[in-house]
Amino acid sequence: MKWLLVLPAYLLGTFPSAVMVARSRGIDITTVGSGNPGASNVARVMGTWWGVAVFALDGLKGVIPAAVGLLMGERPLAYAMVAASVLGHMFPITRRVAADRFKGGKGVATMAGATAVLQPVLALVLTAVWAIARKLSGKASVASLAIVVGLPVTAIIKGVPAWEILTMVGINALLLLRHTGNIKRLLHGTELSASRSD
């Protein structure tokens, strides 16, 4: 019965943080900037602190299922719930209109929140990696890709159990797929800058 918790975890992931925050200011975030309903695009369009707010909300979608799984003494369940929440964030069934095509965010903030609970030491290291990559590149996508790739790498260095590393690789592979467009734009030199400063 515990494993049925993956269903509410998925639904939690579908909560449209970016859409709701942007809508509070009269903005349809899916039609401006990159069009992606995520923290980076909100920061780019509305300003850094609005992006931080969305990142925090999306991060909670990873924190909550990870914490619930651990409190139940089921680490594999925690990872399964996190995976479900990330899927809900990326492919929300609540956005079933044809034009939306189940389009959600890219999952980085949600996975970051989960990592803060499941692997707090790695989360601290990856926060530094994100900050350095963003500062040097000026692009949020580069920083995101750095931590997506960096999570399983740092987990291997830390000696995290193999099944956890494989789970991270599986989830982060989906995150990389959602960044295909960013990767192509980076290769062509057309990727948008990170954010506004206000």
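Reply: Let us begin with the second largest cavity, whose lining by class has six nonpolar, two polar and no charged residues. In this division Ala, Val, Leu, Ile, Met, Phe, Trp, Tyr, Cys and Pro count as nonpolar, Asp, Glu, Lys and Arg as charged, and the others, Gly among them, as polar. Please keep in mind that this is a predicted model, in which local features need pLDDT of at least 70 and side-chain atom pairs count only at pLDDT 80 or more, while totals for chains, interfaces and linings use all residues. Residues are numbered from 1 along each chain as its sequence is written, and side-chain values use heavy atoms, with hydrogens and water left out.

Me: What is a cavity, and which residues line the second largest cavity?

Reply: Rolling a probe the size of a water molecule over the atoms shows where empty space is left. On a 1 Å grid over the protein atoms alone, a cavity is a set of points where a 1.4 Å probe fits but cannot get out, and lining residues have an atom within 4 Å of a point. Here the second largest cavity is lined by Tyr79, Met111, Ala114, Thr115, Leu118, Gln119, Leu151 and Met168, and it holds about 40 Å³ of space. Grid points are joined across faces, edges and corners, and a volume is the space filled by probe spheres set on the points. Helix α6 (residues 108–118) gives the most to this lining, with four residues; helices here are DSSP runs (H or I, at least four residues), numbered from the N terminus.

Me: How many cavities of 30 Å³ or more does a search of the whole structure find, and which residues lie nearest the centre of the largest cavity?

Reply: The search finds two cavities of that size. The largest cavity has about 100 Å³ of space and is lined by 17 residues, with Phe15, Pro16, His89, Gly104 and Gly105 lying nearest its centre. Two or more lining residues come from each of α2 (17–23), α4 (48–71) and α5 (75–90), and α2 has the largest share, with three residues. By class, the lining of the largest cavity has six nonpolar, seven polar and four charged residues.

Me: How is a pocket defined, and how much space lies in the largest pocket?

Reply: A pocket is an open set of grid points with protein on both sides within 12 Å along at least five of seven lines. The largest pocket holds about 910 Å³ of space, and of its 43 lining residues, Ser40, Phe55, Val108, Trp130 and Ser144 lie nearest its centre. The elements that give two or more residues to its lining are α3 (39–46), α4, α6, α7 (120–137), α8, α9 and α10. The lining of the largest pocket divides into 20 nonpolar, 17 polar and six charged residues.

Me: How should I read a salt bridge, and which residue does Lys2 pair with?

Reply: Side chains of opposite charge can pair when their charged atoms come close. The rule used asks for a side-chain nitrogen of Lys or Arg within 4 Å of a carboxyl oxygen of Asp or Glu, and the count comes to three salt bridges. Lys2 forms a salt bridge with Glu74, the closest N and O atoms being 3.5 Å apart. Because Lys2 lies in the segment before α1 (6–13) and Glu74 in the loop between α4 and α5, the pair ties together parts that are 72 residues apart in sequence.

Me: Are Lys61 and Asp58 buried or exposed?

Reply: Buried means under 20% relative accessible area, exposed over 50%, and partly exposed in between (1.4 Å probe, protein chains only). Lys61 is buried, with a relative accessible area of 2%, and Asp58 also counts as buried at 2%. Their salt bridge has its closest N and O atoms 3.3 Å apart, and both residues lie in helix α4, three residues apart, about one turn of the helix.

Me: Which residue forms a salt bridge with Arg75?

Reply: Arg75 forms a salt bridge with Glu164, and the closest N and O atoms are 2.8 Å apart. This pair links distant parts of the chain, with Arg75 in helix α5 and Glu164 in helix α9, 89 residues apart. Arg75 counts as partly exposed at 26% relative accessibility, whereas Glu164 counts as buried at 3%.
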